[in-house]
Amino acid sequence: MLNVLSIDWDYFVEADAVYRGTYFPDIPNEKYSESLQNHIWASRYAEHPGLANIGISPLASRFATQMSSVPYICVCDSHKWAYPLIVRTLRERGEKRVNLLNVDFHHDCRKDIKELDCGNWLSILMNDCKGRYRWFGRKDSYRTGKPKHLEALTDYASCHITDTAWDILFICRSDMWSPPHLDDRFAQAFKPLTANKDGLVQQGIWKSRYNDAMRENIGYIKSVHEKFKKEKTR
């Protein structure tokens, strides 16, 4: 049995489903260039300044502390990379089953499995690999489309995190669903875990997207909006 703990940073963002649906980017997937993704977020901050006040759940540091002993850690921007990592590790170790706990605001079980992405990776994995699959989501996470054999949890104690000897810790920043101003908090929570550990860390993943260039873009978009409003009221 391969024990995998999968963590999506978007779980820890302190925003409920209604707020996310109203103020976060309204996009179906992450198939956009980095520059376009950053511009989309900049436009959100420009229109809704309150976004910059969103914080992080205390559970983030709790998870990080309890995962310090996991021997192999992978950190990247998209959850889709969990699938090839798990499948490859199963093959290399000669294992036949997976014990996976996915900590995520979304269940990632979209039924369309023609092309692997961040929204269907778990559907494809459950279809291809036998095992036990659990999802630790928020109480207001959308459950539409969740497979019956994906066990849904919302209480931290029911996850029994410390009762399992995890083989792999997979962490994704989930850029299109996690506000850039929290990137430094992401690095603060999880970067220490990767010191002197086997694994894979995506180049640049610890750098904040909420940099001078993004803040300048936010300011520019705000000025354009203000100019438009003034001209409209004339």
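Tyr210 is partly exposed, at 23% relative accessible area. Here buried means under 20% relative accessible area, exposed over 50%, and partly exposed in between (1.4 Å probe, protein chains only). This is a predicted model, in which local features need pLDDT of at least 70, side-chain atom pairs count only at pLDDT 80 or more, and totals for chains, interfaces and linings use all residues. Residues are numbered from 1 along each chain as its sequence is written, and side-chain values use heavy atoms, with hydrogens and water left out.

**The Tyr45–Tyr210 pair**
- Tyr45 has 2% relative accessibility, so Tyr45 counts as buried.
- The ring centres of Tyr45 and Tyr210 are 5.2 Å apart and the planes meet at 50°, so the pair is tilted.
- Rings of Phe, Tyr and Trp (its six-membered ring) pair if their centres lie within 6.5 Å; planes under 30 degrees apart count as stacked, over 60 as edge-to-face and the rest as tilted.
- Tyr45 belongs to helix α2 (residues 34–47) and Tyr210 to the loop between β7 (198–201) and α7 (212–233), so the pair ties together parts 165 residues apart in sequence.

**Other aromatic features**
- The structure holds 17 aromatic pairs.
- One aromatic cluster is formed by Trp9, Tyr11, Phe12, Phe63, Phe136, Tyr156, Phe186, Phe190 and Trp206.
- Arg138 places its charged end over the ring of Tyr11, 5.2 Å from the ring centre.
- A charge sits over a ring if NZ of Lys or CZ of Arg is within 6 Å of the ring centre and within 35 degrees of the ring normal.

**Helix α6**
- Asp183, Phe186, Ala187, Ala189 and Phe190 are buried in helix α6 (residues 183–190).
- Down the axis of α6, these buried residues fall within an arc of 165°, so they line one face of the helix.
- The arc is that of the directions from the helix axis to the C-beta atoms.
- Asp184 and Gln188 are exposed on the other side of α6.
- Cover for the buried residues includes β1 (2–8), α3 (59–66), β2 (72–76) and β6 (168–172).

**The whole chain**
- The protein has 7 helices and 7 strands.
- Helices (H or I, at least four residues) and strands (E, at least two) are DSSP runs, numbered from the N terminus.
- Buried residues make up 50% of the 234 residues.
- Of contacts between residues at least 6 apart in sequence, 78% join residues at least 24 apart.
- Contact means heavy atoms within 4.5 Å.
- The C-alpha trace spans about 70 × 40 × 30 Å along its principal axes.
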